[in-house]
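Hi,

Here is the structure I promised to pass on. Please open it first, then read my notes below.

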Amino acid sequence: MAVATAVRSPRTQRTQHAERTGWEVLAALLAGAAAFLAGTDYGLVRGLTVGGLVGAALAPIWIREASRYRGAVLGGVLLLACFISALALATWRSATHPPTEAGVLFELLPVVSAAMCVGALLWAQRVLSPGVVVCLYAVGSFMTATMNSRFAEDPWRFGFSMPSTMLLLGACLMIKQRPRKQLLAELVTLGALTGVTALSGARSMSAFLIMTAVLLVWQHRPATAKKSTSVLLSLVLVGALGLGLYRALEGAALEGYLGQSAQERTELQVQTAGSLILGGRPEIGATVALMLHEPLGYGAGVMATPTDMQAAKQGMSALGYDPDNGYVEHYMFGTRIEVHSLIGDLWIWFGLAGLVLSGWLLWLATGYLGRSLAHRTGTALGIFLALQLGWNLFFGPIISSLPALALALGVFLLQRKETAAEPTPSVQMSPAPGARRSSRGRRARRRYLAGGPRHA
Amino acid sequence: MDLRDYVAALRKRWYIVAALAIIGASAAFAQAHASPPQYRAQSTVFVSIARGATTQELVQGSTFTQEIVQSYAKLATMPVVLDQVIYDLDLDTTSKELAEEITAENPLDTVIIEIDAVATTSTGASDLANSVADELTTTITNLSPSSNKKSAVEVTVVARADPPEEAFAPRTRLAALVGFTGGFGLGVVIAVVRALLDTRVRTAAEIEQLTDVGLLGAIPRRRGQRRARGAITAIDPHNVASEAYRRLQTNLQFLDASSRVRSMVVTSSIGGEGKSTTSINLALAIAEQGQRVLLIDADMRRPAVADYCGLEGAAGLTTVLIGKVELDDVIQVWGDANLHVLTMGEIPPNPAQLIGSPRMAALLEEARAGYDVVILDSPPLLPVADGAILSRLTDGALVVANCRTIHRPQVLEAIDSLEAVDARCLGIVANQVRDTAAHTYYGQPEQSWFARLLAAVVRHREPRQQGYPAAGS
């Protein structure tokens with residue numbers, strides 16, 4: 001460590017610069033690697049991902065940065081409560097529902113990995129920039145896009161659609177200096193993506209892309225006397241738009257505009273349960289039935305007993321779905337309980353704490369959408385991910401929702417506190433020696449003495 | 001903790017990380033090595049309907065088999081099968097224990113039952129799998145509905161288990177890797193936690209980050225030398241430390257352009273941080289510049305200047321304060337003709353009163369009138385108030401912080417104590433800073449043990465830089 005040799009303020013600029021660049025380069029490299037690896041979502045063992053491992057290794061660095069985001073501490077506490085609740089529930093139910101060790105890890109580790117990725121992304125976007133981080137994340141997710149079990153069935157729908165969306169919209173984030181150009185680029189990208197996605201017959205994905213485009217345009221509506229609209233009004237708009245789009249897409253799919261496969265699937269789903277959503281996601285019936293059956297949730301690694309399965313099947317058949325098939329036996333209840341919605345899975349695995357956590361996620365997603373539309377601050381990818389999170393909370397299985405959730409939380413949904421708590425840079429000019437310290441300095445000192453951040 | 005602190009924490013306690021990683025890997029390896037090998041063998045059973053005269057019967061039979069095959073799979077781990085297996089193979093176990101070693105699965109939409117058996121020997125595993133398959137066949141035949149004394153369900157062992165060539169467990173390499181990773185992670189956690197809990201100031205840069213008071217100088221510590229006590233500036237003018245004191249003197253000159261600092265207190269947070277050494281050497285460095293300097297030992301608790309300078313200490317500051325003698329009578333010239341020293345004299349019973357007395361203020365006025373710079377060596381700030389009181393009587397205080405012993409809160413508290421009495425803190429002097437190449441440029445090159453070893457082998461040492469004329473001579 002070089003020792004400062006002169007009065008601090010006139011420290012030679014060159015030395016200072018050279019010294020900082022080395023560490024900055026290293027930090028940037030680490031941040032880039034963390035974002036890339038978080039994107040790969042490459043599983044190591046029992047749901048632990050490489051990105052999660054790297055995020056954990058970088059935890060001492062990002063923890064302080066993460067705590068500067070509004071709600072991040074609450075999220076951390078909720079997550080911790082979830083783990084305690086999951087283990088407590090599993091222990092409590094062990095007499096009737098023996099948990100498997102592998103199942104416990106399989107349910108806890110992916111969530112831990114995702115949380116570590118979120119922390120690393122929060123730090124990385126400060127070191128680099130949100131656009132670069134998103135692009136690196138997207139490049140990472142391209143690497144493992146082909147590993148989806150249904151990739152061969154439709155490479156775009158089950159492989160490249162999400163990474164491409166993230167990469168292209170992430171690249172648009174980098175044109176931040178020119179808002180008009182950025183908007184244009186985002187709209188063109190969204191148009192192209194919607195075209196390809198609709199042709200591949202992915203209905204919900206097309207809906208998100210169209211909704212994002214509409215909300216983006218609405219955000220840039222001509223300014224009236226009142227520059228911002230109310231958050232509530234914005235959310236009502238999102239809801240109405242979603243409903244309208246749902247009806248329109250259902251009609252389009254039934255008419256065959258989204259391809260034959262989408263038409264057949266839609267017809268079948270509408271036929272089985274009378275509605276596209278209930279027919280497409282009969283697991284909702286199982287979720288509701290299980291919630292009524294065991295209101296406190298199940299716990300980590302817990303297997304369903306025949307009674308639970310019976311209750312779930314009854315819930316599903318109430319929707320007009322025939323649950324006596326291999327899918328329900330093997331995939332929903334074969335190795336653990338999976339009900340294919342973030343809220344349901346979080347509730348089953350983590351109990352009531354999981355419900356609170358999903359409530360917090362929903363709050364963040366709606367908060368982001370409301371804020372963006374009311375104050376015209378949203379970005380295309382942010383809006384897209386928030387919409388998708390809202391969908392996944394109700395209709396997306398937890399494991400496949402986690403990567404997008406990590407990116408949404410790590411880059412868009414959490415808001416940084418840009419207040420006086422901002423750390424004073426280490427190369428500040430010192431006040432005249434002996435001058436009375438400012439109240440901020442004194443506060444920082446007191447906090448320091450109480451064991452707070454060192455550079456405060 | 002930023003990236004730098006993190007790397008520093010890992011570098012500092014790398015041995016903990018390394019040791020725990022090695023311990024983890026060895027323990028896991030030993031544990032895996034000691035555990036018995038486990039072999040897995042698989043046999044497959046096919047369940048079908050015995051007869052079906054018409055297509056309709058065949059379809060019904062097929063539906064029946066598909067519905068019942070899962071129950072048949074469950075039979076494989078039940079006493080009805082396993083008791084017989086234990087009897088056949090003459091095993092020393094119970095059916096409940098044996099059930100743990102057997103898994104029977106029915107792949108989705110098939111009428112096949114796959115039986116996996118785990119045992120400690122290769123043949124044991126295959127025998128067990130085959131025996132379970134055989135017994136399952138018999139049991140299913142017995143249990144299934146029959147017509148004309150012939151079972152309606154036909155069960156055939158379609159693939160008999162072969163003795164596996166390799167054990168699937170223990171996987172020693174994987175275990176060692178997991179142990180290594182676990183130990184490594186634990187080591188990192190310990191290193192980080194210890195770094196967070198360790199509030200000691202290590203480097204001058206840390207002091208700089210700690211407070212908004214300027215860092216005026218950094219006095220290096222020399223390797224292999226516990227302390228550079230005394231008047232190093234006079235004894236070895238080309239020493240790294242001597243240069244550092246000269247730099248401190250220069251920085252003090254540039255501290256305030258409007259009003260020059262003409263009197264200062266050299267103090268510290270706690271004792272033993274190098275106040276006296278700093279004040280003596282700073283006085284010498286200022287005297288070198290041709291200014292008249294008076295060094296006063298105002299530490300009435302543990303006076304050290306007389307001792308360090310080898311001067312007569314019987315009469316001094318206290319003698320003047322109680323009015324026994326005049327200031328000029330007890331001032332001694334030391335080293336440079338420009339440097340005068342006033343030692344402490346007798347240790348008084350009431351130091352605080354003496355220091356706060358009007359006589360002390362008058363004495364300082366007199367000294368300031370007669371000299372260009374007056375330096376007071378004072379007691380530390382945290383234990384006693386003398387230093388803070390003296391600081392108010394002078395232009396300000398110079399706080400010495402020993403990088404080897406001081407903790408961050410102590411430095412902050414010391415500066416706060418100065419501010420509390422509205423005294424001016426001129427700046428901080430970091431003492432005992434780890435020597436680096438930057439500071440050996442004009443001094444004796446300091447080399448690491450590795451560099452010394454390398455130099456001894458290669459025998460290509462630079463000549464020692466000594467014998468330069470003293471600055472200002």
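Start with Leu290(A). Leaving aside residues up to four places away in sequence, Leu290(A) touches Tyr298(A), Asp308(A), Ala312(A), Phe333(A), Ile337(A), Val339(A), Trp347(A) and Ile348(A). Bear in mind that this is a predicted model.

Leu290(A) belongs to the largest nonpolar core, which has 118 residues. Leu290(A) is among the residues with the most contacts inside that core. A second core is separate and has 47 residues. Its members include Ala204(B), Ile207(B), Met344(B) and Ala401(B). In soluble globular proteins, nonpolar side chains tend to be buried together.

Now the surface. Which residues make the nonpolar patch of about 480 Å²? They are Tyr42(A), Leu44(A), Val45(A), Leu53(A) and Met147(A). Met147(A) sits in the loop between α6 (130-143) and α7 (155-173) of chain A. Met147(A) counts as exposed because its relative accessibility is 52%, and the cut-off for exposed is over 50%.

Last, chain B as a whole:

- Chain B has 20 helices and 14 strands.
- Of its 473 residues, 47% are buried.
- Take contacts in chain B between residues at least 6 apart in sequence: 79% of them join residues at least 24 apart.
- The accessible surface of chain B is about 23,500 Å², and carbon and sulfur atoms account for 54% of that.

Best wishes

How values were computed:
Residues numbered from 1 in each chain as written. Chains lettered and ligands numbered in written order. Predicted model: local features only at pLDDT ≥ 70, side-chain atom pairs only at ≥ 80, totals over all residues. Heavy atoms only, no water. Core = buried A, V, L, I, M, F, W, Y, C linked by side-chain atoms within 4.5 Å. Buried < 20%, exposed > 50% of the residue type's maximum accessible area, 1.4 Å probe, protein only. Contact = heavy atoms within 4.5 Å. Patch = residues over 30% accessible without salt bridge, like charges linked within 9 Å, V, L, I, M, F, W, Y side chains within 5 Å. Areas by Shrake-Rupley, 256 points an atom, 1.4 Å probe, with all protein chains shown as cover. Salt bridge = Lys/Arg side-chain N within 4 Å of Asp/Glu carboxyl O. Helix = DSSP H or I, 4+ residues; strand = E, 2+ residues; numbered from the N terminus.
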